Amino acid sequence: MSEAALDLRGIAKTYNPGTPGAVSVLDGVDLSVSQGEVVALVAPSGAGKSTLLHIAGLLDTADRGQVFLGGQEMTGKADATRTRARRREVGFVYQFHHLLPEFTAAENIVLPQLANAVPAATARARAGELLETVGLTARADHRPAQLSGGEQQRVAFCRALANAPRLLLADEPTGNLDPGTSDTVFAALMALVRETGMAAVVATHNLDLAARMDRVVRLEAGQVVPQ
Ligand SMILES: Nc1ncnc2c1ncn2[C@@H]1O[C@H](COP(=O)(O)OP(=O)(O)OP(=O)(O)O)[C@@H](O)[C@H]1O
Ligand SMILES: [Mg+2]
């Protein structure tokens, strides 16, 4: 058992194992994130930040080690169980928003709720509230291509929070924005996280942003070490 929002124990991952192209990325990662704690994950490009976040968010599996979400061990669980836990427990934000281009901002926030069996009217109301918190009420019916990069990323935050997850995983969420926009968008993300009391792991190259989180950890030689 584990009381943490996220507990990673001894996580290892090698891509293309047993081939000449084998890449050992993670080699015994231990990381525990308490409820409400916001952790910055910093490391150079290629160190394995995305790999680690994908394993923590049940988008990929580790070769070794255990993933606990909200105290529940997810290692080796059936795909259906992992998918359900991912939808309920985890919100994921990518560097490039990955919004669905043919749907509006509001619809992009409604869809993950419908996948989680939330009634449509409730889902629409929640989408409206979330868009209001990031100042995008007037953009609710715009498609992603009609939004600026910063607006797209704020919609992506709303989508990640749509099912009120206990854990937010953000993979360089402002890495694709200019410094000024990055700052504003990061502030919006932090406000949402603090308001909901979520735990979060935010991968970033930006040490100024990292310093505004509760704790900074580094990925080094396949392991997580304190900054
Ligand atoms: N599907 C894959 N197959 C083989 N190697 C991969 C695969 N995905 C990632 N890698 C390799 O694993 C290493 C870690 O990649 P990862 O994307 O996790 O790094 P990162 O820290 O997120 O980097 P960045 O800051 O550039 O996003 C890299 O060397 C990458 O080339
Ligand atoms: Mg990455």
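The questions and answers that follow concern a predicted model.

User: What is the order of the strands in the open sheet of 4 strands?

Analyst: Strand E1 (residues 6–15) is joined to strand E2 (residues 23–33) by 8 bridges, and E1 is also joined to strand E4 (residues 64–69) by 5 bridges. E4 in turn pairs with E5 over 2 bridges. With antiparallel pairing, the order is E2-E1-E4-E5.

User: Which are the edge strands of this sheet?

Analyst: The sheet is open and has 4 strands in the order E2-E1-E4-E5. An edge strand pairs on one side only. The two that do so are E2 and strand E5 (72–73).

User: Which residue in E2 is the bridge partner of Lys 13?

Analyst: E1, residues 6–15, runs antiparallel to E2, residues 23–33. Within E2, the residue that bridges to Lys 13 is Leu 26.

User: Which residue in E4 is the bridge partner of Ala 12?

Analyst: E1 and E4 are antiparallel, with 5 bridges between them. In E4, Ala 12 has as its bridge partner Arg 64.

User: Which residue in E5 is the bridge partner of Phe 68?

Analyst: The pairing of E4 with E5 is antiparallel and extends over 2 bridges. In E5, the partner of Phe 68 is Glu 73.

User: How many residues apart are Arg 64 and Asp 27, which meet in a salt bridge?

Analyst: The side chains of Arg 64 and Asp 27 meet with an N to O distance of 3.7 Å, inside the 4 Å limit for a salt bridge. Arg 64 belongs to strand E4 and Asp 27 to strand E2, so the pair links distant parts of the chain.

User: Are Arg 64 and Asp 27 buried, partly exposed or exposed?

Analyst: Buried means under 20% relative accessible area and exposed means over 50%, with partly exposed in between. Arg 64 has 48% relative accessibility, and Asp 27 has 38%. Both values fall between the two limits, so each residue counts as partly exposed.

User: Which residue forms a salt bridge with Arg 212?

Analyst: Arg 212 is in the loop between helix H7 (207–210) and strand E9 (215–220), and its partner is in helix H6 (residues 179–196), 29 residues apart. At 40% relative accessibility, Arg 212 is partly exposed. The closest N and O atoms are 3.3 Å apart, and the partner is Asp 183.

User: What is the N to O distance between Asp 214 and Arg 194?

Analyst: Asp 214 lies in the loop between H7 and E9, whereas Arg 194 lies in helix H6, so the pair ties together parts 20 residues apart in sequence. Asp 214 is partly exposed at 43% relative accessibility, and Arg 194 is partly exposed at 40%. Their side chains meet in a salt bridge with an N to O distance of 2.7 Å.

User: How many residues does helix H1 contribute to the shell around ligand 1?

Analyst: The ligand is surrounded by 13 residues, the closest being Ser 45, Gly 46, Lys 49, Ser 50 and Thr 51. By class, the shell holds 4 nonpolar, 7 polar and 2 charged residues. Helix H1 (residues 49–56) supplies the largest share, namely 3 residues.

User: What share of the area of ligand 1 does the protein bury?

Analyst: An oxygen atom of ligand 1 lies 2.5 Å from a polar side-chain atom of Ser 45, and an oxygen atom of the ligand lies 2.6 Å from a polar side-chain atom of Thr 51. The side chain of His 205 has an N or O atom 3.3 Å from an oxygen atom of ligand 1. Taken alone, the ligand exposes 640 Å², and the share of this that the protein buries is 61%.

User: Is Asn 163 buried or exposed?

Analyst: Asn 163 is in the loop between helix H5 (149–161) and strand E7 (167–171). Its side chain reaches the backbone oxygen of Pro 112 at 3.1 Å. The relative accessibility of Asn 163 is 17%, and the limit is 20%, so Asn 163 counts as buried.

User: What distance separates the C-alpha atoms of Arg 88 and Asn 163?

Analyst: Arg 88 is part of helix H2 (residues 79–89) and is partly exposed, at 48% relative accessibility. Arg 88 and Asn 163 are 75 residues apart along the chain, and the distance between their C-alpha atoms is 6.2 Å.

Technical notes. Residues are numbered from 1 along each chain as its sequence is written. Chains are lettered from A and ligands numbered from 1 in the order in which they are written. This is a predicted model: local features need pLDDT of at least 70, side-chain atom pairs count only at pLDDT 80 or more; totals for chains, interfaces and linings use all residues. Side-chain values use heavy atoms; hydrogens and water are left out. Two strands pair if DSSP finds at least two bridges between them. Buried means under 20% relative accessible area, exposed over 50%, partly exposed in between (1.4 Å probe, protein chains only). A residue is near a molecule or strand if one of its heavy atoms lies within 4 Å of it. A polar contact is a pair of N or O atoms within 3.5 Å; within protein, one must be able to donate a hydrogen and the other to accept it, and residues adjacent in sequence count only if both atoms are side-chain atoms. Accessible areas come from the Shrake-Rupley method with a 1.4 Å probe; for residues, only the protein chains shown count as cover. Ala, Val, Leu, Ile, Met, Phe, Trp, Tyr, Cys and Pro count as nonpolar, Asp, Glu, Lys and Arg as charged, and the others, Gly among them, as polar.
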